[in-house]
Amino acid sequence: MVGDFWGWRTHMISFSRGENIEIAGLSLAQTMGWSTCFDICSEVYVHDLDICSHVKNGDGVNFRSGCHHCRIENITGNTSDDTVACTALSVKGKKFRFNPLSKGLYPSEPYNCTGHGGSRDIHDITIRNIATGGKMHGVICLAARGNQVYNVTIENIEEQHEGYRESTVKIYTGYGDGYSAGDLHDITVRNVTGRMSKYAVQTNAEIANVNLENITQLNPEGELTTGF
């Protein structure tokens, strides 16, 4: 069995240390974990996908540590976890160690877990035209362990009515220590419409040079922003 019995690390599509990749025109259903995942990849173009996931950790598109100059747009469907994620979490210069008898049988970033050197930052990413329902978040940017996320544009993010989310867009740190103020920086978030989320835009980190434009909250019980 690939991954573990929680469906935690069973990717439907996974690339490590790739470049000039295009994934488009697919309907992805019956996922066991993340629909698509990339680590240390560049010049990636993901577009026109319809994703339907109903499992634990059912992310849609996940850019992991070391990804840069990537574009994702025109995503629809319903995801049981984050629809689009930029998550820079890997431990620099250290090989991932895991217990083969534990519930986590294999790491979620295959190449990053070799301990290979080089930048683990995520940068120069464009995310646009995301219209999904589901749980957790529509788009997240996450940094920890000294990695940075920067030069990111997030625009035209709209929620469908199905499901409940903490936030439509979230910029935060967690899942590890080593975050320094400003590791998340130079991020533009524009044209966001929350319908079922508690917050339209949320952060829990000390961030730098984050620009918000045209943020709308239509959930009568929700809030526009928090943490800024």
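**Briefing: an all-strand protein chain**

Among contacts in the protein chain between residues at least 6 apart in sequence, 71% link residues at least 24 apart. The model is predicted. Its protein chain holds 13 strands and 0 helices, and 51% of the 228 residues count as buried.

**Overall make-up**

- Read from the N terminus, the elements of the protein chain follow the order β-β-β-β-β-β-β-β-β-β-β-β-β.
- The protein chain has an accessible surface of about 10,100 Å².
- Carbon and sulfur atoms account for 48% of that accessible surface.

**Strand 3 and its side chains**

- Strand 3 covers residues 36–39.
- Thr36 and Phe38 point one way from strand 3, whereas Cys37 and Asp39 point the other way.
- In a regular strand, side chains alternate between the two faces of the sheet.
- Thr36, Cys37, Phe38 and Asp39 are all buried.

**Pairing of strand 3 with strand 1**

- Strand 1, made up of residues 13–16, runs parallel to strand 3.

**Pairing of strand 3 with strand 5**

- Strand 5 spans residues 61–64 and pairs with strand 3 in the parallel sense.
- This pairing between strand 3 and strand 5 extends over 3 bridges.

Key: Residues are numbered from 1 along each chain as its sequence is written. This is a predicted model: local features need pLDDT of at least 70, side-chain atom pairs count only at pLDDT 80 or more; totals for chains, interfaces and linings use all residues. Side-chain values use heavy atoms; hydrogens and water are left out. Buried means under 20% relative accessible area, exposed over 50%, partly exposed in between (1.4 Å probe, protein chains only). Helices (H or I, at least four residues) and strands (E, at least two) are DSSP runs, numbered from the N terminus. Two strands pair if DSSP finds at least two bridges between them. Contact means heavy atoms within 4.5 Å. Accessible areas come from the Shrake-Rupley method with a 1.4 Å probe; for residues, only the protein chains shown count as cover.
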